[in-house]
Amino acid sequence: VEVLGMSLVMVVTFVGFGLLIGTLFGFFGMGGSFLLTPALLVMGYGSDQAVGAGLAFVFATAVIATMKHRDLGQVDYKLGVLMIGGTTVGLEIGKELLNHLQEMGLGDLVLGIVYVFLLGGIGLFVTRNALKDADGGGIDHDADQDVEDAEIPEIAQAIQSYHVPPMVSLKGGYTISLWMILLVGFATGLLSGFLGVGGGFIRMPALFYLLGVPVPIAVGTDLFEIVFSGGIGSFLYALDGSINLSIVMPLLAGSALGARIGSASTSLVDEEDIKIYFGLMLVGGSISVAAQQLGKAYGIEILNTVSIVIIFGAAILVAGAVVVSAVEALREEAVEERASPAD
Amino acid sequence: MFGIENLTGPTKALAQVGLVLLEAVILYVLYGGLSSLFSEWITDAIRGE
């Protein structure tokens with residue numbers, strides 16, 4: 001039986017995988033696209049199709065998130081629009097770079113290697129922070145935080161002190177060189193165009209640490225940026241015929257539902273309790289891509305199967321842990337309420 | 001698929017991105033409606049009520 005031009009089994013697989021990454025994204029607020037693109041690589045899709053699907057997925061997810069938070073938090077539209085300029089150039093160059101590598105027959109290999117280090121690095125960072133400190137470290141993604149309370153990091157203060165004209169005044173009452181804004185936009189665009197990710201995990205820290213944008217404004221402006229970079233990136237890849245709707249549409253159908261389950265679970269389960277598994281899952285993703293590349297290089301068929309089992313198994317385990325913990329929390333809550341009916 | 005096979009170039013690319021956007025909006029409305037209809041029922045079922 002064929003649906004959307006592919007077998008029903010594949011459609012169900014993509015809806016199921018979408019459900020998993022949607023649950024993870026909804027719960028942890030990240031990890032949608034940087035698990036999707038490597039998973040598609042592991043499944044044997046070419047780097048252009050994997051990145052194209054990643055970008056289209058990022059675009060749709062950001063649109064849904066924007067509709068959910070209609071006011072977009074606190075967006076600095078001037079900063080967002082200026083960054084789009086740098087992002088668009090970065091996207092185009094990232095895509096051309098991947099196209100060029102693919103023409104040389106190196107696209108899948110280079111993308112695979114980059115993902116091995118990216119997933120491994122972020123995974124180890126998250127795991128180490130989860131082990132070290134319950135507070136995690138990194139940036140608090142709380143959009144409700146008071147803008148005035150946010151401290152400007154030292155690096156950002158140094159960057160803000162460079163007066164390379166033209167200077168731009170931004171929301172929050174500070175000025176910064178236009179070139180720095182374009183540079184941050186360009187760098188995240190380059191990553192998006194090359195890796196098929198939204199780039200939020202780079203842009204958020206860059207906005208905060210490099211430009212000194214207060215966290216609540218960084219969160220809103222990041223989302224605003226992802227809608228545009230995802231949309232422009234999808235369009236650029238679609239122009240090359242690299243957007244496969246048979247992959248994107250079922251993935252999205254699953255992930256939009258998963259995102260609701262994941263975000264509903266955040267009020268029931270402490271993220272810190274599960275974060276270590278999330279970190280280990282990313283490390284698993286890294287090992288999976290490495291195994292697939294090795295299998296391909298040396299013609300070891302079993303490594304390909306192993307890599308698929310690792311990446312899907314890790315996602316199933318962590319998404320399962322989120323859902324099971326949420327169900328247990330709800331049941332415990334009900335038992336406690338019955339035990340103390342006076343409240 | 002969806003009658004866009006015959007389109008070419010930027011028109012086809014725009015149509016594809018437009019379809020992804022349309023699906024996102026439909027899913028937002030559809031799952032939003034389902035959530036408000038069934039979330040309480042599902043929560044009660046899990047809580048054993």
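Biologist: Buried means under 20% relative accessible area, exposed over 50%, partly exposed in between (1.4 Å probe, protein chains only). What does A:R338 count as?

Modeller: A:R338 counts as partly exposed, because its relative accessibility is 47%. The model is predicted: local features need pLDDT of at least 70 and side-chain atom pairs pLDDT 80 or more, while totals for chains, interfaces and linings use all residues. Residues are numbered from 1 along each chain as written, chains are lettered from A and ligands numbered from 1 in written order, and side-chain values use heavy atoms, without hydrogens or water.

Biologist: Which helix is A:R338 found in?

Modeller: A:R338 belongs to α12 of chain A. Helices (H or I, at least four residues) and strands (E, at least two) are DSSP runs, numbered from the N terminus.

Biologist: What is A:R338 in contact with, neighbours within four places in sequence aside?

Modeller: B:R47, B:G48 and B:E49. Contact means heavy atoms within 4.5 Å.

Biologist: How far apart are A:R338 and A:M249 in space?

Modeller: They are 44 Å apart, C-alpha to C-alpha, and 89 residues apart in sequence.

Biologist: Now the interface. How many residues of chain A are in contact with chain B?

Modeller: There are 31 on chain A, against 25 residues of chain B. The two chains bury about 2,500 Å² between them, 73% of it on carbon and sulfur atoms. Buried area is the accessible area (1.4 Å probe) that two parts lose on being put together, summed over both.

Biologist: Which three residues supply more than any other three on the chain A side?

Modeller: A:L245, A:M249 and A:R260, with 23% of the area that chain A buries against chain B.

Biologist: How many salt bridges across the interface?

Modeller: Two. The rule wants a side-chain nitrogen of Lys or Arg within 4 Å of a carboxyl oxygen of Asp or Glu. One of them pairs A:E333 with B:R47, closest N and O atoms 3.0 Å apart.

Biologist: Which elements of chain A give two or more residues to the side that touches chain B?

Modeller: α3 (47-68), α9 (215-239), α10 (245-265) and α12 (301-339). α10(A) gives the most, nine residues.

Biologist: What about chain B itself? How many helices and strands?

Modeller: One helix and zero strands. Its C-alpha atoms fill a box of roughly 55 × 15 × 10 Å along the principal axes. Of its 49 residues, 24% count as buried.

Biologist: Back to salt bridges. How many over all chains?

Modeller: Five in the whole structure. A:E96 bridges to A:K95 at 3.5 Å, closest N to O. A:D240 also bridges to A:K95, with closest N and O atoms 2.9 Å apart. That pair links distant parts: A:D240 sits in the loop between α9 and α10 of chain A, A:K95 in α4 (residues 77-103), 145 residues apart.

Biologist: Is A:K95 buried or exposed?

Modeller: A:K95 is buried, at 4% relative accessible area. A:E96 is partly exposed at 39%, and A:D240 is partly exposed at 40%.

Biologist: Why does the A:E333 and B:R47 pair join two chains?

Modeller: Because A:E333 lies in α12 of chain A and B:R47 in α1 (residues 9-47) of chain B. A:E333 is partly exposed at 34%; B:R47 is buried at 12%.

Biologist: Which residues do shared partners join into one network?

Modeller: A:K95, A:E96 and A:D240.

Biologist: Last one. Where does A:E225 lie?

Modeller: In α9 of chain A. A:E225 counts as buried because its relative accessibility is 1%. Beyond neighbours within four places in sequence, its contacts are A:G80, A:M83, A:I84, A:T87 and A:R203. A:R203 is also one of the buried residues of α8 (residues 200-210) of chain A.
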